Amino acid sequence: MAYRALEDITVEEIGAAGVPPDEAERLHARLRRILLESGSSGPEAWDAISKRLLSPHLPFPLHQMLYYGCYVGFDSEPPPAWIPNEECAASTNIGRLLQRRGKELLGSRYEDPISSFADLQEFSVENPEAYWKMILEEMGISFSVPPSCILRDHDSYPGGQWMPGANLNSASLCLSLNDKRGLDDVVILWRDEGDDSLPVHTMTLKELRTQVWLVANALDTLSLPKGSAIAIDMQMTVTAVIIYLAIILAGYVVVSIADSFAPNEIATRLKIANAKAIFTQDSIIRGEKELPLYSKVVEALAPVAIVIPTRGSTIIKGLRENDISWHDFLGRVEYSKDITYAAVEQPIEAFTNILFSSGTTGEPKAIPWRHATPLKAAADAWAHMDIRKGDVVAWPTNLGWMMGPWLVYASLINGASMALYNGVPLGSGFAKFVQDARVTMLGVVPSIVRAWKSTNCTMGLNWSAIRCFSSTGEASSVDDYLWLMGRASYKPVIEYCGGTEIGGGFVTGSLLQPQALAAFSTPAMGCKLFILDSDGNPLPENAAGIGELALDPTMFGASVTLLNADHYDVYFKGMPVLNGKLLRRHGDEFERTASGYYKAHGRTDDTMNLGGIKVSSVEIERICNGVGSSILETAAIGVPPPTGGPEQLVMAVVFKDQSVLEENLEKLRLAFNSALQKRLNPLFKVSSVVPVPSLPRTASNKVMRRVLRQQFSKRSKF
């Protein structure tokens, strides 16, 4: 749609956007005054309009008309949707740090927090020892045994060895009593779906500590050796968070399994991690549906299971002989209000959590998080989302994905509260919970935002407590996120891209920089990015271009080993050397724009991102190839829509008989969906089936899915 310049917009056009005539007159008059004061186009005009004219109750087409009208003929792509002001920037965690130490750190380059943010990011890369020592002190991180140094060269680690000799327990940091919070401070807020009219539940630090200590003591009654792997396959409830912290506090290792997985996927992860026990629920409530979970765990031949009742009953029927109800598990410990537990302090390189990320061979990569990894997650939140004492952080997720543990550490280590909604986050129930819990940092994935926008489920709600949004998991849509910002009077969206193996992000945004929609404004603190050309060589620094992304290997918190693959082969083999450093592979195609923003363009390898879940093409193809006898072979392709947004799953199919009727393609699409949702993940959905005469292959017979992705991306629709 073509939009007109702001000075040309008429009262009638404002009315046509859905505004009543009298209000259209008033808005037009106010718009004219703003244009006289702030200019008729560009970022300054938009900043004034978004803060002084637009409000959530106004029709979204008006928001679009004014946003795009500000940037008619604008020569910088992408244009900013939010601009920091000096006062707000100075009050952020990074802003306060720069005001105190900017001249000390940056010398004559220091001007003010906004102007000098990029210099600080550069300082964090060039001086990792000084930066991380300073940030951990700012965050109040304490070690039971301090490190001998921050970083040293090590032959086994291309990026060096971080904090050798340090001992700590990352779960203990989440429970510590310090100047950020007292025992009576609220640390978790939650609500069950359907209880929209009831007050939000709360848990204080004192209550959380008591519950975690109780579970930690009960864990020791299982007589498992310290360091044993214990799985969690549950919704991300308060109980799940308590269990997660207790496992790590007691010196065991969490195995993270998403509650949506089919039994064979659960079994694969339990086997890879050699789990000795598992916490799960009898069932999951999603909307009006009650879905079995314990039975899937049993079908996966899981080890001893501790089973939590979903509806609060203490009696669970039909347990296997050695399985334990939650009530009986806790009953193994004599409860006392004075109960305590001494955290098991471990070397910083000890495993705390095994998470999984799909590889290209079908078997998921098992990625261990160490005690260093939570510090990276919390530091990202401190520096980029500005999470601090008094904040309430919500992010619909699950402990089976990295953002679940990330949410725990990002909020609790930084002295903030965590907000959990026990239900489907797609409708007005969750939106009202955001209002009632007074969420200040709301994390999202684009598919959730798209659902909110399509139903306008935030109508009439007050999201004014929000200071910023953050988004991860998949590519976002400009219009969806313009709508999202407008729900909170145009607070910024901090895009956040990283990976399970990073422990956080490598590229993101900042409250000290202008933020553009569906774009990243900066590498994460301590991270340096390189875009490789078609020959595999890094483009000149800060040059515009597009290509495969590579990372400087000196990244605090990043993985150094895999349980079921060679870490060097996966992330370093065949990568270029720059300035004496072997670059780290990531697998995404990235663009750096002429104005300095970064944009993600999907995977360069054979994994894709469906609804925020990474999955390999091989996993999908293995299931789809067996759906019908007419299929010769398939290729699963993640294709971004032409208008932006999350990848769509398109199946290229080679049929034994090439004369396939159109109606049979739709039947096959539904059959693919049924098989994938039953055997792999109920959230996966095939958007389209495309018949092809053959699959493009390399000389060594490998399928070139990248070629198909390029072909399908040129289509206007499926």
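A: In this predicted model, strand β23, which covers residues 504–508, is joined to strand β25 by two bridges, and the two strands run antiparallel. Within this pairing, Thr508 has Thr522 of β25 as its bridge partner. Both strands belong to an open sheet of three strands, in the order β22-β23-β25 and with antiparallel pairing. Strands β22 (497–499) and β25 (522–523) stand at the edges; each has a single partner strand, so one side of each is left without a neighbour in the sheet.

The cysteines may be considered next. A search of the whole structure finds zero disulfides. Cys527 is accordingly in no disulfide, and the nearest cysteine sulfur, that of Cys497, is 11 Å away. Cys527 counts as buried, because its relative accessibility is 3%. Cys88 is likewise in no disulfide; here the nearest cysteine sulfur belongs to Cys468 and is 12 Å away. With a relative accessibility of 44%, Cys88 counts as partly exposed.

Helix α12 spans residues 263–273, and its buried residues are Pro263, Glu265, Ile266, Arg269, Leu270, Ile272 and Ala273. As background, an α-helix has 3.6 residues a turn, so residues three or four places apart point the same way. Asn274 follows α12 and lies in the loop between that helix and β9 (277–281). The phi of Asn274 is near 55°, a positive value in a residue other than glycine. Asn274 counts as partly exposed, because its relative accessibility is 45%.

Strand β9 itself contains Thr280. This residue counts as buried, since its relative accessibility is 0%. When neighbours within four places in sequence are left aside, Thr280 is in contact with Asp233, Met234, Leu293, Tyr294, Val297, Ile306, Val307 and Ile308.

Leu301 is situated in the loop between α13 (294–299) and β12 (304–308). Its relative accessibility is 73%, and Leu301 therefore counts as exposed.

A record also bears on one span of the chain. UniProt, in an unreviewed entry, places the feature "transmembrane region" at residues 236–255. In the model, the end C-alpha atoms of residues 236–255 lie 14 Å apart, and the span is 60% helix and 15% strand.

The last part is a pair of helices. In general, two packed helices are described by the angle between their axes and the distance between the axes. Helix α8 (residues 128–138) packs against helix α15 (residues 372–384) at an angle of about 80°, and the axes are 11 Å apart. The helices α8 and α15 are therefore roughly perpendicular to each other. On the side of α8, the contact is made by Tyr131, Trp132, Ile135, Leu136 and Glu138. On the side of α15, the contributing residues are Leu375, Ala379, Trp382 and Ala383.

To return to the part with which this answer began, β23 is joined to β25 by two bridges, and the sheet they share with β22 is open.

Technical notes: Residues numbered from 1 in each chain as written. Predicted model: local features only at pLDDT ≥ 70, side-chain atom pairs only at ≥ 80, totals over all residues. Heavy atoms only, no water. Pairing = 2+ DSSP bridges. Helix = DSSP H or I, 4+ residues; strand = E, 2+ residues; numbered from the N terminus. Buried < 20%, exposed > 50% of the residue type's maximum accessible area, 1.4 Å probe, protein only. Contact = heavy atoms within 4.5 Å. Disulfide = S-S within 2.5 Å. UniProt positions renumbered as here; feature names shortened; annotations may be inferred. Axes fitted to C-alpha atoms, helices over the stretch in contact; angles between N-to-C directions. Parallel < 35°, antiparallel > 145°, perpendicular 65-115°, else oblique.
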